[in-house]
Amino acid sequence: MGIIAQHVNKERLEAQLQELSMIGYDPDKGRTRLPYTKPEREAVELVKGYMESAGLLVSFDQFGNLFGRLPGNSQSLPVVMSGSHVDTVINGGAFDGTIGTLSAIEALRVIKENNIPHNHDLVVGVFVSEEAARFGAGTLGSKAFVGDYTRADLDRLKDRDGVTLAKALQEWGFDPDLLHTVKGNGSEIKCFVELHIEQSINLEVNKIAIGVVDQIAAPTNLRMTIKGKAGHAGATPMNLRTDAFMAAAEIALAIETIANTIGKETVGTVGEVFVNPNAINVIPGEVVLGIDIRDVTTERKDLAIEQLYNTVEEVSAKRGVTIETEEIARQEPVKTASLIVNTIRETCEDLGFSYMNVTSGAYHDALNMAKITDIGMIFVPSVDGVSHAPEEFTHIEDIHRGAQVLAETLVKLAK
C-alpha cells in the first residue's frame, strides 16, 4: 500500500465526523443544517478549523463557499479540486456530503505532512446549499461557482418564509452584488473529484468496496400551484366541488405512472405539499407541489416533463382548477471523465480494493463542476441504501477506504 494511503488516519476521520455530526442534531429527528442558518454556518466554521489545522490556506468567496488550498510546485498549472458539502436535508443523516469534505481535507493533510511531491495546487471546496431543502433548488454554491446564476436569481429564489437567497447571503456578511466574483475559471481547474456515500444498495449487495461513478443523473425541479375553490367540507356536495388537493393527488399519481412507464432510470417525486387553508373541515382551495423529475438522459427526462404537462392540462380542464407551473431549476446529466475513471480504477487495483462501475441517481456538486472541468466521483457503500434520513449510515472502515482511494487519486492527478 502506498505511503499516502497508509497515513490516512481512520481515527481522526471518525472523530471529526462525530464532532461535525452533533451540529444541528436532534436525537429524535436526526440532523438539520439548512444553508445560511446558524447550524450550517457553525459546521462550516468547524470545517474551516480542520483546514487550518491541516496547514491549508483558507478563504471564502462571496457566496459563502469555503476553500482550502495546498500549493504545489508550479503555480502556472491548473488546480486539482476535491470536496463536497456540509448542509443537510431536514432531519437528515451524518454522512451525506460530510465524508467527501472531511476525506478531502484528510487527503491534503497527509500529502502535506509527508511531503508528497505534486506539481498542481490541491484545493478542497465546501460548497453551500447542495441540498434543495431551503430554497427549492440544490447545488446552489457550485452553480454560483460555475457561473450559472445571475443577480436576479438571488432575488427569485426564496425559502418557505419568503426570505430570498440574496437576503440570506447578506445576513451572513456576503454581498450578492459581488456574485460575479464567485465564478471560477475553468482553464485554471484541471479536474474535480468528489467522494460520497452511494445512497443506494449496489455496492452493499455486491460486497464491493468502491463505486467508480460513470454517469450522474440530473433533476428538473418544478413548483406547481393548483388553485380551486375553498368550501365547507360538510355543506358542499361532491359534484359541486373544485378541490385543489384532489387535482394535486391526481397529478402526483400521474408522475408515478409516467416515471414507471418511461424507464427504470426515470424517477419522479413530489417531495413538498403545501395545502391552504390546511383545515380538516375545509375543502382545499390551493395546493403547492414541489416536484423533482430526473434521469441519466436529457431525452427521457424531457419526455417525462412533456407528459406531465399534458396531464396537467387534462386535470385542469376536467376539474376546473387553474394550474401554474414554475421551473425552479434544470440540470443536465453528465458522464465522468475517462482519465479520472481510469485513475480511480488503477488506484483501487494498487490498494487491493474491489470496485465496480455505478451510476449516480442522486446529483452532486460534481454535476455542476462538469460544466467547466473534468469530473470524477468515488462512492462507498451505504447500509441498506438509506440516505436523507436519520438512519443513514456508512461504516468507518468503508469511509477510510474511500479516503485512501481519494488521496492516492488526487496525488496521481496532481503530478
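Two or more lining residues come from each of β3 (57–60), β4 (66–70) and β5 (79–84), with β3 giving the most, 3 residues. By class, this lining holds 9 nonpolar, 3 polar and 3 charged residues.

The model is predicted, so that local features need pLDDT of at least 70 and side-chain atom pairs pLDDT 80 or more, while totals for chains, interfaces and linings use all residues. Residues are numbered from 1 along each chain as its sequence is written, and side-chain values use heavy atoms, without hydrogens and water.

A pocket is an open set of points on a 1 Å grid over the protein atoms alone, where a 1.4 Å probe fits, with protein on both sides within 12 Å along at least five of seven lines; lining residues have an atom within 4 Å of a point. Grid points are joined across faces, edges and corners, and the volume is the space filled by probe spheres set on them. Strands are DSSP runs of E of at least two residues, numbered from the N terminus.

The largest pocket has a volume of about 1100 Å³. Its lining counts 39 residues, with Thr269, Asp292, Arg294, Tyr363 and His388 closest to the centre. β9 (218–227), β11 (267–276), β13 (286–295) and β16 (355–360) each give two or more residues to this lining, and the largest share, 5 residues, is from β13. The lining divides into 12 nonpolar, 15 polar and 12 charged residues. In these classes, Ala, Val, Leu, Ile, Met, Phe, Trp, Tyr, Cys and Pro are nonpolar, Asp, Glu, Lys and Arg are charged, and the others, including Gly, are polar.

Key: Helices (H or I, at least four residues) and strands (E, at least two) are DSSP runs, numbered from the N terminus.
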